[in-house]
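Me: Take a close look at one part for me, the contact between the two chains. Keep it brisk.

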Amino acid sequence: MTLAEFFSCSLLAFGAPIVMFAMTVATDPVRIIIMIAAAFGWLLSFLLSSLVWYAVVPLRSYLIFGMIFAIIFQELFRYGMYLLLRKTEAGLKEISENHEIGSNKLEMAYVSGLGFGTMSGAFALVNVLADSIGPGTLGLSGGTEYFFVTSSAMTLCMILLNTFWSIIFFSGFDEKNYLKILWVIISHFFVSFLSLLNSRELYAASILPSYIVLMITSYIAFRCAGGSSKTFIQSFSARS
Amino acid sequence: MSESGSDLDATEHTALMDGHIAEARPDRELAERIARKRKTKSDNQRSYGSVEQIEGGPSGASIAQQPRVPAAPVEPQIEELELKYGARHVIKLFVPVTLCMLVVVATISSINFYSVKDVYLAYTPFHEESPYASTKVWNALANSMILLCVIALMTVLLIVLYKKKCYKTIHGWLILSSLILLFLFSYLYIEEALIAYNIPMDYITLGFVLWNFGVMGMIVIHWKGPLRLQQAYLIFIAALMALVFIKYLPEWTTWAVLAVISIWDLVAVLTPKGPLRILVETAQERNEPIFPALIYSSTVMYCMAAASPAPGAAGTVEGEGRDGTEAGGGEAGFDAAWRERRDEGAAPRRLRVDSAPPRYVTRLDPPHAPPHAPDLDEEKGVKLGLGDFIFYSVLVGKASSYGDWNTTLACFVAILIGLCLTLLLLAILKKALPALPISITFGLIFYFATRSVVKPFADALAAEQVFI
């Protein structure tokens, strides 16, 4: 029973990202390297934010404080990834076999966003998943029985959001369109603040709006990447 | 053991562990063109490959002595080819390193035996049983110094043997050590796995399985066999050794050993009088591949000499020649040495398991192409010493033995990034580099940082279901 829960939660959270990885990233070595570099970038940002949280001892129990710094550092490192990728674009093109690697400007944005998101989701969920295997029952002595499922659902939301945020972010800096960047930052804060409601088990109030934000963000990212309703329909037809 | 007959089709079988991966471009014309191209390329377009390695090597390679032909019209085809193996080779190393770490982490988390400390190696006499931190620290440092001395001694012994051309001794030692590893340690591993999962198995079945496993391993490692099989065996062997280290070294000693070995690696490979460097240069001078090596290679190694070191035999096996075999052979030597160390007193006695510490082979080779490459799209391979696999896996396995998966993940990503950076340096500097220092440094930093600072934050966030 616990094993079933483990598999269902891990697939819920990581199923879509794994398929995205397998279909788009795993085939191209340069993308794999960028994805791991982005994961490392997220790790660095999380390390810095943990340092800040750890250092300010009296505020440790107020997670909101740590959370604000975590978001700030994440966005800073997202900007860092943007600078790194734009500067090394020429070099990447050289070492890649795939000569269209620079053709879609947001390709690297997508890959780095996926790396960011996967690392973020992994750090959030992997210990929870490990616990979900062990003997135990949720909600026996209080607390909700939906803990694992809601955590996994939020993790999926965050992974996908991170992917789209990177696309919008990179596109915003490329076009100097600061509205896009503002959207990324504001929606990031919004979703994270919403998740503060989770501790009070108000899951409907936190997960539903988060997914609505995900829908909107995915639409914006789609438009940033040059999509339209025509290309959307085309993507379902046979590949050329 | 080259492929006779149709070399164009020679993709399946590797001449294995003859450790010498041939020089990149036996084709002179090709090399010339590439030399020209290299001159016309700007610096930020360096390739990962090391065609320059050929020219730089002190060996007597005919290619190395090609006079540089003045620039001729650049052929885009060759340029692409030259640059092509950049990212692909990084991934070719990522995958086996990841697999090795996965095996170690899976074993540590499921089989309790490897996390339990009961007996220790003879090389670590200080068992860190005191409750005081300072005592543990000096215990750990003393243990790691002892291990380092043993390793340095073995290296010197190997160099002496190699310079005196006692190839038979080295070969014999190597074969003995891989025998022990494939049979004894695999038996212990299977036994512990069966115990952990409560699976009964009779000795006859076990003997049959183990015999086949071991013999196939010996054949595939020391002779010929399918490439994937060889790679799989090497990964498994590296994982086994890493597990031995994780089990038999006291806690703080493990971390101290990792740090000390990285520094030793740096010193031994890069300083002019460093033992590993001397070995490489000797191998280059003699222009021969040395022993069956314990290097993981991502591609088929064509020019394999037979085990006998006779230069004649070495040279004549494949037509195209191993011109300039240096670095490949050199590394091979190190890895052999690596094995040898391990073999010291491998027979376990009642109270102590005396397995020699593996010698870390820490050479990262620039990619070499098989010598016979009429087809321009031929794969070029990259090699990584098995010692590197082992120490990476020790770090990640030890991190996972504490139960926190965030730490394991952080160390894993840190090591991969370190490997990436090392390969980047390799592409820029184009000479054999130690693969341990950067990755282990990153791994250690992230291990301690994650364990002390990130883990509490991540746990607090996960408990409240706060998502950042």
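Reply: On chain A, 50 residues join the contact, and on chain B, 43 residues do; contact means heavy atoms within 4.5 Å. This is a predicted model, where local features need pLDDT of at least 70, side-chain atom pairs count only at pLDDT 80 or more, and totals for chains, interfaces and linings use all residues. Residues are numbered from 1 along each chain as its sequence is written, chains are lettered from A and ligands numbered from 1 in the order in which they are written, and side-chain values use heavy atoms, with hydrogens and water left out.

Between chain A and chain B, about 3900 Å² is buried. That is the accessible area (1.4 Å probe) that two parts lose on being put together, summed over both. Carbon and sulfur atoms give 76% of the area.

Now the polar side. Eleven residue pairs are in polar contact between chain A and chain B, both residues at pLDDT 80 or more. A polar contact is a pair of N or O atoms within 3.5 Å; within protein, one must be able to donate a hydrogen and the other to accept it, and residues adjacent in sequence count only if both atoms are side-chain atoms. Salt bridges between chain A and chain B number zero; each would need a side-chain nitrogen of Lys or Arg within 4 Å of a carboxyl oxygen of Asp or Glu.
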